[in-house]
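Please keep the sequence and the structure in view while reading.

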Amino acid sequence: MLLVWTRKFAPETTRDEIYREIFKDCGEDFSSSRLQIDPSINGERHDPSKRGTITNISQSDLQFGVLFTHLAKGILENLREMFQDSTYSHIWACGGVFKRNVLFREELASVFQQKTVSFERNCDAAYGAALSMFQEESTSS
């Protein structure tokens, strides 16, 4: 979506250029921001009518770094809620978002503080999902 918006003003812009600009500011400490983003814009399996929200936004939050840091945090907090009843003690972060995006790696480790988080596996998200289902099946039998 961001690429489509940006190309309306700068048609030659690439996805890599956009992400490079976004992540320039993401290493900063935005913990003083009270911004909260619930990214569930397309609903949830258990509640398809649920919609995302942005709350506690202030003018100082209208920066790429703040918005994307809190968006990543919201996505990962949503994952934590989905897995809150699981017995997983270790998380293998697979997929392009974790390979290419230091912000998501940092936020994953922050949101799942009570779990061991590893990024070393060279696999895609589909492999991670299959591994998760295999593990779940083997522990339930």
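At what angle do helix α3 and helix α5 pack, and how far apart are their axes? In this predicted model, helix α3 (residues 64-82) packs against helix α5 (residues 102-111) at an angle of about 45 degrees, and their axes are 9 Å apart. Because angles from 65 to 115 degrees count as roughly perpendicular and those under 35 degrees as roughly parallel, this angle makes α3 oblique to α5.

**The α3 and α5 pair**

- The crossing of α3 and α5 is right-handed.
- On the α3 side, the contact is made by F68, T69, A72, K73, I75, L76, E77 and R80, while α5 contributes L103, F104, E107, L108 and V111.
- Sorted by class, the contact of α3 with α5 has eight nonpolar residues, together with one polar and four charged residues.

**The α1 and α2 pair**

- The axes of α1 and α2 come within 10 Å and cross at roughly 100 degrees, and these two helices are therefore roughly perpendicular to each other.
- In this pair, L2, L3 and T6 of α1 meet R15, I18 and I22 of α2.
- By class, the contact of α1 with α2 has four nonpolar residues, one polar residue and one charged residue.

**The largest pocket**

- The largest pocket has a volume of about 1,200 Å³, and among the 36 residues that line this pocket, Y19, F68, L71, I75 and F104 are the closest to its centre.
- Two or more residues of the lining come from each of these elements: α1 (2-9), α2 (15-24), β1 (36-38), β2 (53-55), α3, α4 (96-100) and α5.
- Helix α3 gives the largest share of the lining of the largest pocket, namely seven residues.
- The lining of the largest pocket, sorted by class, has 23 nonpolar, eight polar and five charged residues.

How values were computed
Residues are numbered from 1 along each chain as its sequence is written. This is a predicted model: local features need pLDDT of at least 70, side-chain atom pairs count only at pLDDT 80 or more; totals for chains, interfaces and linings use all residues. Side-chain values use heavy atoms; hydrogens and water are left out. Axes are lines fitted to C-alpha atoms, for helices over the stretch in contact, and angles run from 0 to 180 degrees between N-to-C directions. Helices (H or I, at least four residues) and strands (E, at least two) are DSSP runs, numbered from the N terminus. Angles under 35 degrees count as roughly parallel, over 145 as roughly antiparallel, 65 to 115 as roughly perpendicular and the rest as oblique. A crossing is left-handed if the near helix is turned anticlockwise from the far one by less than a right angle, and right-handed if clockwise. Contact means heavy atoms within 4.5 Å. Ala, Val, Leu, Ile, Met, Phe, Trp, Tyr, Cys and Pro count as nonpolar, Asp, Glu, Lys and Arg as charged, and the others, Gly among them, as polar. On a 1 Å grid over the protein atoms alone, a cavity is a set of points where a 1.4 Å probe fits but cannot get out, and a pocket is an open set with protein on both sides within 12 Å along at least five of seven lines; lining residues have an atom within 4 Å of a point. Grid points are joined across faces, edges and corners, and a volume is the space filled by probe spheres set on the points.
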